[in-house]
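This briefing is for a reader who is new to the structure below.

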Amino acid sequence: MSMVVAVVGAGTMGSGIAQTAAVAGHPVLLFDAAPGAAARAVAGVRERVGALADKGRIDVRPDDLMLTAVGTPAELAPAGLVVEAVVEDLEVKRRLFADLEEHVAADCVLATNTSSLSPTAIAAAARHPSRIVGLHFFNPAPVMRLVEVVPGLETSEEVIAMAGELVAAWGKTVVRSAATPGFIVNRIARPFYAEAWRLLEERAAEPAVVDAVLTGAGGFRMGPFALMDLIGHDVNEAVTRTVWTAFGHDPRFAPSLAQRALVEGGRLGRKTGHGVYAHPSSAGRRAGSRRDAGGTAHDGVRHDAEGAAPVAVRHDAGGTAPVAVPAEARKAPLEVVAHGAADLDVLLRRSGVAVLEGEDDHGTVELPSGALLVRCSGTSATELAAGHGVPVVVVDRTLDDATATAIAVAVSDGCPERARDEAAGLLQAAGLDVHVIDDVPGLVVARTVAMLVNLAVDALHQGVASGADIDTAMRLGTHYPVGPLAWDDRWGAATVHAILVALQDGYGDPRYRPSPLLRRRALTGEALT
């Protein structure tokens, strides 16, 4: 018979882990301190497995499951592995493991599904800390492929290997992380949310614009505001605050005051019917809630009288469909002059403009109005305009210029509308939904990705995980289109480093300080993967 697996905690995560082990063929014991909770969870698992089997997604039927609800910790004695999925409270987990040690065999492995607490701290009061290990599943556990294996300071190599091999046999992809705050995923992912909040707090862009750009240009499956509404702002903010506190209030992990206000006001996202966006069909909708956090939606289409292509400028907070400009409404393609390596060649080819080669080597595109079109390197358009002596339009970066569907641009202070419209029309001709945002350093994608790369490089530098495990964890745990280290290889460490330096200079904020390893790779050109 397969090893007996026990799960303590019959909530969403506990029942999901129990389902995963049971479907893999293990006898599973499920315990919860709340009377009746384990029995209800077992019934729920059987119902879900039945539905999956009816759809042909799994070969296991409910009657095949060896899944039993038990009423006391003493009944967990046969287990070879116990996974706890109880409340994220250090003392609660310590007491639980002390109790389990009274009932299970000496060779039983004790695992914690903590997402933010240190397995070393959890194991500190145990009689046998060598058998305690972190197994961080992701929600929903039966679906998400990733599991972070997190050894504590005293965890034996035999326990680490056994836990990893067992979970891999359940069909999971295993990565190993040091027992540091947030492990891999919750540590590195913080800027995906933090930079979105900073853009909102600076009134640079509405939430739906940030989401549209990070999905359409960055290739992310969901934008940060939509994702936080799905996760729940109470959960997301609590993880951020835990990581920030654990790192001694490092500004790279600082929580957002705007998100704190949502939590304090009970606007937690879909589960309450309102978060950043309104979710009127969700349970718990508040009466009288009529607006999104960013205001009402508004789409506008401008047509320049002097011959530039039409400009679609989105200012919305409701996630409405992109503005479509009919092809027949577009004017003849613009004629532009490329000066040096402009890093815009793919977008220019997509737009079909006539490109002349200029003599100056300063990496820009000159529009008919005389304004310059520049690829984002972190510096604001206004600062670039001061250096060039002419108006500047900055174009955000993308995951892939050939397939991007949206782009953010910013114009220098005092830039004529004609120049803005020429730039936006050119990018629209390339098939991009153009979002004009305020002139902030790093725009949307460039700043977000640079910060994700920076924290990933920092984790690599500090031995949190291998480069391969870091990228695997971020792809599977957060559904990023590529791992952050692979993204660094696409853009080049020198480009990412330059964006961070410009952000640090522009804000005077140490949250943007580049990792020492990133600086070294920027100097040598050596790839990180």
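## Val213 and its surroundings

Leaving aside neighbours within four places in sequence, Val213 is in contact (heavy atoms within 4.5 Å) with Gly218, Asp396, Ile407, Ala408, His435, Val444 and Val445. The model is a predicted one, in which local features need pLDDT of at least 70 and side-chain atom pairs count only at pLDDT 80 or more, while totals for chains, interfaces and linings use all residues. Residues are numbered from 1 along each chain as its sequence is written, and side-chain values use heavy atoms, with hydrogens and water left out.

- Val213 sits in helix H8 (residues 207-216); helices (H or I, at least four residues) and strands (E, at least two) are DSSP runs numbered from the N terminus.
- Val213 has a relative accessible area of 0%, so it is buried; the term stands for under 20% relative accessible area, with exposed over 50% and partly exposed in between (1.4 Å probe, protein chains only).
- Thr405 is 192 residues from Val213 in sequence, yet the two are 8.6 Å apart in space, C-alpha to C-alpha.

## Helix H1

- The 12 residues of H1 should span 16 Å at 1.5 Å a residue, and this agrees with its end C-alpha atoms, which are 16 Å apart. The expected span is 1.5 Å times one less than the number of residues.
- H1 is mostly covered, with 10 of its 12 residues buried.
- Those buried residues are Met13, Gly14, Ser15, Gly16, Ile17, Ala18, Gln19, Thr20, Ala21 and Ala22.
- They pack against strand S1 (5-8), strand S2 (28-31), H2, strand S3 (67-70), strand S4 (81-84) and S6.
- After H1 comes Gly25, with a positive phi near 105°.

## Helix H14

- Helix H14 (residues 417-429) has 13 residues, which at 1.5 Å a residue should span 18 Å; its end C-alpha atoms are 18 Å apart, in agreement.
- H14 is mostly covered too: 10 of its 13 residues are buried.
- Among the buried residues of H14 are Arg420, Asp421, Glu422, Leu426 and Leu427.
- H14 is followed by Gly431, whose phi is positive and near 85°.

## Nonpolar cores

- In soluble globular proteins, nonpolar side chains tend to be buried together.
- A nonpolar core is a set of buried Ala, Val, Leu, Ile, Met, Phe, Trp, Tyr and Cys residues joined through side-chain atoms within 4.5 Å.
- The largest nonpolar core has 81 residues, and Ile184 and Phe225 touch the most other members. H15 gives the most to this core, with 11 residues.
- Not counting residues up to four places away in sequence, Phe225 touches Ala196, Trp197, Leu200, Pro207, Val210, Asp211, Val276 and Tyr277.
- A second, separate core has 36 residues, including Ala21, Ala37, Phe137 and Val167.

## Pockets

- A pocket is an open set of points on a 1 Å grid over the protein atoms alone, with protein on both sides within 12 Å along at least five of seven lines; a cavity is a set of points where a 1.4 Å probe fits but cannot get out, and lining residues have an atom within 4 Å of a point.
- Grid points are joined across faces, edges and corners, and a volume is the space filled by probe spheres set on the points.
- The largest pocket has a volume of about 1200 Å³.
- Its lining has 42 residues, of which Phe138, Asn139, Asn186, Ile231 and Val235 lie nearest its centre.
- H10 gives the most to the lining of the largest pocket, with 5 residues.
- The second largest pocket holds about 400 Å³ of space, and 20 residues line this pocket, with Gln19, Thr20, Leu52, Pro142 and Val143 nearest its centre.
- H1 supplies the largest share of the lining of the second largest pocket, 6 residues.

## Cavity

- The structure holds 1 cavity of 30 Å³ or more, and the largest cavity has a volume of about 30 Å³.
- The largest cavity is lined by Val449, Leu452, Val453, Tyr480, Val482, Pro484 and Trp487.
- H15 provides the largest share of that lining, 3 residues.
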